[in-house]
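Here are a few quick notes to go with the model.

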Amino acid sequence: MITLCKACGTSFESTHSHPEHCNICEDERQYVPVTGQEWVELDTLVASHTNKWQQQEPNLFSIQTVPEFAIGQRAFILGTPEGNILWDCIANLDDATKTLISSLGGLKAIAISHPHYYTTMQDWAAEFDAPIYLHARDRQWVMRESPYIKFWEGDTLELAAGVSLIRLGGHFAGGSVLHWARGEGILLAGDIVQVTPGADAVSFMWSYPNMLPLSGATVSDITRRLSTVKFKRLYGAFEGKNIRENADDIVNRSGKKYLACLG
């Protein structure tokens with residue numbers, strides 16, 4: 001039986017009863033609700049929720065569960081000449097989503113920014129026979145083993161021509177973004193780089209719900225490394241968190257503002 005944490009969406013394998021703890025929520029980058037940890041079976045979630053699709057631009061779709069479940073992030077499907085790539089993951093894998101992805105040609109690969117979005121990645125991988133690329137520095141946060149999981153090391157990994165993972169660290173040691181060198185360049189940032197409500201700035205945190213910041217040195221390193229990457233558009237983890245022009249300048253300016261506030 002696949003059981004999901006209702007606070008973060010992480011999936012656990014259970015036999016007769018729900019898990020006693022969610023390791024992801026008990027870490028200070030997430031939280032245990034004041035009402036206590038609650039659980040739901042994957043089948044129950046699939047029966048009560050659906051996924052909303054939006055085309056963000058040609059060959060780039062976002063997928064988000066409604067009504068909102070757990071953290072409420074969205075996933076993305078990139079259509080490349082070498083096959084489709086799923087960026088980040090959501091817990092709800094329903095029949096409609098399976099049909100739509102299959103009609104697009106299935107999945108070549110799955111890549112996830114950080115452990116808060118691992119959710120039911122094992123089930124997505126098995127459904128589409130696709131490898132999951134996770135950074136090795138976040139290995140300890142995998143709650144269900146899968147033969148599809150491939151741990152990568154270092155700071156970059158090419159998934160397809162013009163599509164690369166870049167490890168930035170920060171929020172998690174293996175925290176990564178996806179760079180798509182199409183046109184002027186696209187960055188899929190998860191919440192390793194968090195788009196702010198006005199979509200005219202970004203920020204960086206070690207723990208978002210507990211409002212614990214990153215050090216100045218870490219943010220300086222993130223912005224320095226992104227300064228070498230060509231991108232004009234940036235898509236964040238949540239609906240509406242899109243920067244559609246001058247994203248590179250916005251990231252650079254936001255990093256300077258962050259450092260100025262710390263100083």
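1. Starting with the lining of the largest cavity: Cys8, Gly9, Gln64, Thr65, Phe69, Ala70, Gly72, Gln73, Ile90, Ala91 and Thr119. Keep in mind that this is a predicted model. The space inside the largest cavity comes to about 80 Å³.

2. Around the second largest cavity you'll find Thr10, Ser11, Tyr118, Thr119, Met121, Gln122, Trp141, Val142, Met143 and Arg144. Its lining splits into five nonpolar, four polar and one charged residues. Do check Thr119 when you go through the model: it is in the lining of the largest cavity and also in that of the second largest cavity.

3. Now for glutamine 194, which sits in strand β15, a run covering residues 194-195. Is glutamine 194 buried or exposed? Its relative accessibility is 13%, so it counts as buried, the cut-off for buried being under 20%.

4. Which residues does glutamine 194 touch, once neighbours within four places in sequence are set aside? Its contacts are Ala201, Val202, Ser203, Tyr208 and Phe238.

Terms used: Residues are numbered from 1 along each chain as its sequence is written. This is a predicted model: local features need pLDDT of at least 70, side-chain atom pairs count only at pLDDT 80 or more; totals for chains, interfaces and linings use all residues. Side-chain values use heavy atoms; hydrogens and water are left out. On a 1 Å grid over the protein atoms alone, a cavity is a set of points where a 1.4 Å probe fits but cannot get out, and a pocket is an open set with protein on both sides within 12 Å along at least five of seven lines; lining residues have an atom within 4 Å of a point. Grid points are joined across faces, edges and corners, and a volume is the space filled by probe spheres set on the points. Ala, Val, Leu, Ile, Met, Phe, Trp, Tyr, Cys and Pro count as nonpolar, Asp, Glu, Lys and Arg as charged, and the others, Gly among them, as polar. Helices (H or I, at least four residues) and strands (E, at least two) are DSSP runs, numbered from the N terminus. Buried means under 20% relative accessible area, exposed over 50%, partly exposed in between (1.4 Å probe, protein chains only). Contact means heavy atoms within 4.5 Å.
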